[in-house]
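Open the model in your viewer and keep the selection tool at hand. Each stop below says what to pick and what is there.

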Amino acid sequence: MTNTYYREHEPVMPSFDRPAGRPFDPSPELIALRGERPVARLAVPEGAPGVWLVTGYDLVRKVLADPRFSSRYETQYHPLVHTHMPPAPVGDLTGMDPPAHTRIRKLLTGKFTVRRMNQLTERATEITRDRLDEMEKAGPPADLVPVFAQPVPAQMICELLGVPYGERDAFTEAAHLASGGDDFEASAAAFARVSEYLRDLALAKRADPTDDLLSDLAGSDLTDDELGGVAAFLLGAGLETTANMLGLGTFALLRNPAQLAALREDPGLVNGAVEELLRYLSIANTGLRGVLEDVELGGAPLKAGDTVVISLDVANRDPAKFPGPDALDLRRSATGHLAFGHGVHQCLGQQLARVEMRVAFPALLARFPGLRLAVPPEEVPLRNPIPLYGVRSLPVTW
Ligand code: HEM
């Protein structure tokens with residue numbers, strides 16, 4: 001790689017906070033760094049390994065595609081927690097490298113088939129309709145997050161995995177607690193409960209398979225622990241991500257009325273609109289990679305043992321790739337966005353997430369022609385800026 005970008009400089013520690021009053025925009029300090037030095041050395045305590053922040057679109061993409069940058073958590077030093085990360089739990093694909101990663105990923109790729117995704121489109125339509133009925137009963141006003149944004153993906157994951165109908169409510173309640181709670185101990189306990197439940201369910205399907213992904217996996221060479229671990233990981237990966245896109249996405253549409261009107265008037269816009277919302281919001285915004293060998297990145301001298309922090313949200317606002325990047329423009333081509341990552345770890349559930357959003361956004365707008373915020377925009381409670389962003393609740397009326 002050529003020495004195009006990097007100049008030696010004082011290490012920096014930018015704020016990851018979003019700008020006050022602009023809930024959809026990434027940290028201004030990160031944006032400024034992208035313009036000045038898209039690979040920047042971060043300030044870390046004495047004795048810590050080198051940590052580099054990568055914000056430019058091309059460079060983020062390069063890191064994600066290069067096997068010299070490791071996904072194994074134990075190779076990564078967390079610059080905010082000031083320690084190396086513990087190894088990934090069994091079944092967590094995002095914390096593995098090839099070939100261990102390839103073995104499980106291959107097994108799963110074959111299970112996210114077009115046939116299964118098509119089946120899920122029909123179910124997404126029914127589940128969305130049911131949740132909109134519930135929303136109508138609950139309000140106006142209503143909090144869109146617990147009545148709509150969370151249950152749609154939760155029900156879809158139940159469909160995918162094959163959680164029996166009678167057990168879905170208890171299961172999804174525990175799953176939300178496990179993935180989104182502020183109370184760490186309660187979340188950890190709920191996660192343990194959900195993991196155990198999924199492990200038992202998977203083992204039961206080994207003996208008595210049904211037509212779902214968990215049964216398919218149960219028929220593979222995964223060990224019992226891997227089977228339970230992969231199931232719990234899929235739940236974690238597919239639940240809060242899509243829920244945040246539905247919640248924050250609705251907020252963004254309500255704050256951009258011309259865009260909302262365009263989508264309402266032209267349902268044919270929906271596929272592109274979903275890609276643009278993914279780019280613009282980039283809810284899964286920050287990732288780490290461990291540097292396995294000395295490598296030059298944009299001219300910066302990275303050493304084996306260093307860590308790279310990648311900003312997907314800032315890369316997705318790079319004007320070199322997306323002209324006028326800070327505007328939500330549902331008619332633009334957002335192709336090539338990095339909201340689902342890139343390379344061998346690129347989101348496995350992206351087609352499922354797309355199915356859910358392509359069904360859910362138009363159905364919500366069609367059901368509630370007068371949909372609007374029930375509180376001033378600055379009162380909408382937001383999640384922490386990293387690593388997964390969204391709204392905690394979204395009070396709406398109609
Ligand atoms: C809009 C919603 C979603 C977003 C924004 C999103 C984003 C991402 C991103 C950025 C990665 C890459 C992580 C990395 O490189 O370390 C990823 C990986 C993954 N996602 Fe998603 N995701 C979404 C929905 C889903 C759904 C619905 C599922 C499935 C149920 C899913 C399953 C996975 C899995 C299994 C991986 C790991 C792939 C691997 O490491 O090989 N995701 N996702």
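Which side chains meet in a salt bridge at 3.9 Å, N to O? Select D130 and R129: their side chains form that bridge. A salt bridge here is a side-chain nitrogen of Lys or Arg within 4 Å of a carboxyl oxygen of Asp or Glu. D130 is partly exposed at 39% relative accessible area, and R129 is partly exposed at 44%. Buried means under 20% relative accessible area, exposed over 50%, and partly exposed in between (1.4 Å probe, protein chains only).

A word on the model before moving on. It is predicted: local features need pLDDT of at least 70, side-chain atom pairs count only at pLDDT 80 or more, and totals for chains, interfaces and linings use all residues. Residues are numbered from 1 along each chain as its sequence is written, and side-chain values use heavy atoms, with hydrogens and water left out.

Next, select E126 and R123. They form a salt bridge, with the closest N and O atoms 2.4 Å apart. Both sit in helix α4 (residues 114–138), three residues apart, about one turn of the helix. Helices (H or I, at least four residues) and strands (E, at least two) are DSSP runs, numbered from the N terminus. E126 is partly exposed, at 30%.

Now pick R354 and E275. Their closest N and O atoms are 2.6 Å apart, in another salt bridge. R354 lies in helix α14 and E275 in helix α12 (residues 270–281), so the pair ties together parts 79 residues apart in sequence. Both residues are buried.

Go to the iron atom of the ligand. Its only protein donor is C347, through SG, at 2.3 Å. Donors are N, O and S atoms within 2.8 Å of the metal (3.2 Å for Na, K and Ca); water is not among the atoms, so sites may look incomplete. C347 is in the loop between α13 (312–315) and α14 (350–367).

Move to R383, in the loop between β11 (372–373) and β12 (395–397). Leaving aside neighbours within four places in sequence, R383 contacts E240, N244, L388, Y389, G390, V391 and R392. Contact means heavy atoms within 4.5 Å. A polar atom of the R383 side chain lies 3.5 Å from the backbone oxygen of L388.

Last stop: V81, in the loop between β4 (77–78) and β5 (83–84). V81 is exposed, at 51% relative accessible area.

Definitions and conventions:
Polar contact = N/O pair within 3.5 Å; in protein donor to acceptor, adjacent residues only side chain to side chain.
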